[in-house]
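Student: Could we go through this structure by question and answer, starting from a single residue?

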Amino acid sequence: QVQLVESGGGLVQAGGSLRLSCAASGDIVSFNFVSWYRQAPGNQRELVASITRGGNIYYATFAKGRFTISRDNAKNTGYLEMNSLKPEDSAVYYCNSHILMSNTMTVDAWGQGTQVTVSP
């Protein structure tokens, strides 16, 4: 009944930028903690960044200074701005959110992922 849809991935050259979006839909009361993960072929899924509803932010070491996580609570949407992209950033990027629904249930929701490919 709740779903997350990522968008904004694509192919860019090294040094370029992408802005990923994560839109939540459903009977949502509160769009809470939002995280971005990524997974490259042969690698484990790793946390990229997270943001609480109040705006507290965490970045993985590789993301500091290059990536910016943000959110629009009114739109139930999270964002990940990625700058100075490197080939090693190539991966499928996933959005994850803890969501309170109108039936009082909480859901730890995941999107299907969006591919980011950075060419040398």
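Student: Is W110 buried, exposed or partly exposed?
Tutor: This is a predicted model, and the value is computed from it. The relative accessible area of W110 is 36%. Buried means under 20% and exposed means over 50%, so W110 counts as partly exposed.

Student: Which rings form the aromatic pair, and is the pair stacked, edge-to-face or tilted?
Tutor: One aromatic pair turns up in a search of the whole structure. The rings are those of Y37 and W110, with centres 5.0 Å apart and planes at 50°. Planes under 30 degrees apart would count as stacked and over 60 as edge-to-face, so the pair of Y37 and W110 is tilted.

Student: How many residues apart are Y37 and W110, and in which strands do they lie?
Tutor: Y37 belongs to strand β4 (residues 28-39), and W110 to strand β10 (residues 106-110).

Student: Which residues form the disulfide, and what is its handedness?
Tutor: The structure has one disulfide. C22 and C95 form it, with sulfur atoms 1.9 Å apart, and the cut-off is 2.5 Å. The angle about the S-S bond is -80°, and the link of C22 and C95 is left-handed.

Student: Which strands stand at the edges of the open sheet of four strands?
Tutor: The order in this sheet is β1-β3-β8-β7, with antiparallel pairing. β1 (3-7) and β7 (67-72) each have a single partner strand, so one side of each lacks a neighbour in the sheet. From one strand to the next the twist averages 15°. The edge strands are β1 and β7.

Student: Over how many bridges do β1 and β3 pair, and which residue stands opposite Q3?
Tutor: β1 pairs with strand β3 (residues 18-25) in the antiparallel sense, over five bridges.

Student: Over which rings do the charged ends of R38 and R45 sit?
Tutor: The charged end of R38 is 3.7 Å from the centre of the ring of F62 and sits over that ring. For R45 the distance to the ring centre is 3.8 Å, and the ring is that of Y94. The rings asked for are F62 for R38 and Y94 for R45.

Conventions. Residues are numbered from 1 along each chain as its sequence is written. This is a predicted model: local features need pLDDT of at least 70, side-chain atom pairs count only at pLDDT 80 or more; totals for chains, interfaces and linings use all residues. Side-chain values use heavy atoms; hydrogens and water are left out. Two strands pair if DSSP finds at least two bridges between them. Helices (H or I, at least four residues) and strands (E, at least two) are DSSP runs, numbered from the N terminus. Axes are lines fitted to C-alpha atoms, for helices over the stretch in contact, and angles run from 0 to 180 degrees between N-to-C directions. Rings of Phe, Tyr and Trp (its six-membered ring) pair if their centres lie within 6.5 Å; planes under 30 degrees apart count as stacked, over 60 as edge-to-face and the rest as tilted. Buried means under 20% relative accessible area, exposed over 50%, partly exposed in between (1.4 Å probe, protein chains only). A charge sits over a ring if NZ of Lys or CZ of Arg is within 6 Å of the ring centre and within 35 degrees of the ring normal.
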